[in-house]
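Hi everyone, thanks for coming. I'd like to walk you through one model today, so let me put it up on the screen.

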Amino acid sequence: PDTRFVEAHDATSALTLAADNPDLDLMLLDLRMPGARGTDTVRAMRSAAPALPIAVVSADEDANVVADLLRIGVCGFIPKTDSADVILGAVA
């Protein structure tokens, strides 16, 4: 009941959101959101907010991309093809 959601409409606003909200518990980040450059955006977020847990949500399920994301330090990868129940369970 005390969960608060904040939303960014593009990669630039996601970086700003992370900087302006250092108390965030988790960021769900889409690799293909407007202005995003795939793993480069995740690296930029890692630099801007190194302690913020990031879970990537993406339709791109390439094993090499997922492995790269895990090396960068994301806490999880959630395929958009998963059911709503699986996605909810991943972030709960």
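Let's begin at valine 57, whose bridge partner in strand E3 is isoleucine 78. Keep in mind that this is a predicted model. Strand E2, residues 54–58, pairs with E3 in the parallel sense, and there are four bridges between them.

Now step back to the whole sheet. What is the strand order? The three strands run E1-E2-E3 in an open sheet with parallel pairing. Strand E1 (27–30) and strand E3 (76–79) each have a single partner strand, so they stand at the edges, and one side of each is left without a neighbour in the sheet. From one strand to the next, the twist averages 30 degrees.

On to the helices. Helix H2, residues 39–48, packs with helix H3, residues 63–72, at an angle of about 10 degrees, and their axes are 10 Å apart. Angles under 35 degrees count as roughly parallel, so that is what we call H2 relative to H3.

Which residues make that contact? From H2 we have Thr39, Val42, Arg43 and Arg46, and from H3 we have Val65, Asp68, Leu69 and Ile72. Sorted by class, the contact of H2 with H3 has four nonpolar residues, three charged and one polar.

Let me finish with threonine 39, which is found in helix H2. Buried or exposed? Threonine 39 counts as buried, because its relative accessibility is 18% and the cut-off for buried is under 20%. If we leave aside neighbours within four places in sequence, threonine 39 is in contact with Leu31, Val65, Asp68, Leu69 and Ile72.

Terms used
Residues are numbered from 1 along each chain as its sequence is written. This is a predicted model: local features need pLDDT of at least 70, side-chain atom pairs count only at pLDDT 80 or more; totals for chains, interfaces and linings use all residues. Side-chain values use heavy atoms; hydrogens and water are left out. Axes are lines fitted to C-alpha atoms, for helices over the stretch in contact, and angles run from 0 to 180 degrees between N-to-C directions. Helices (H or I, at least four residues) and strands (E, at least two) are DSSP runs, numbered from the N terminus. Angles under 35 degrees count as roughly parallel, over 145 as roughly antiparallel, 65 to 115 as roughly perpendicular and the rest as oblique. Contact means heavy atoms within 4.5 Å. Ala, Val, Leu, Ile, Met, Phe, Trp, Tyr, Cys and Pro count as nonpolar, Asp, Glu, Lys and Arg as charged, and the others, Gly among them, as polar. Two strands pair if DSSP finds at least two bridges between them. Buried means under 20% relative accessible area, exposed over 50%, partly exposed in between (1.4 Å probe, protein chains only).
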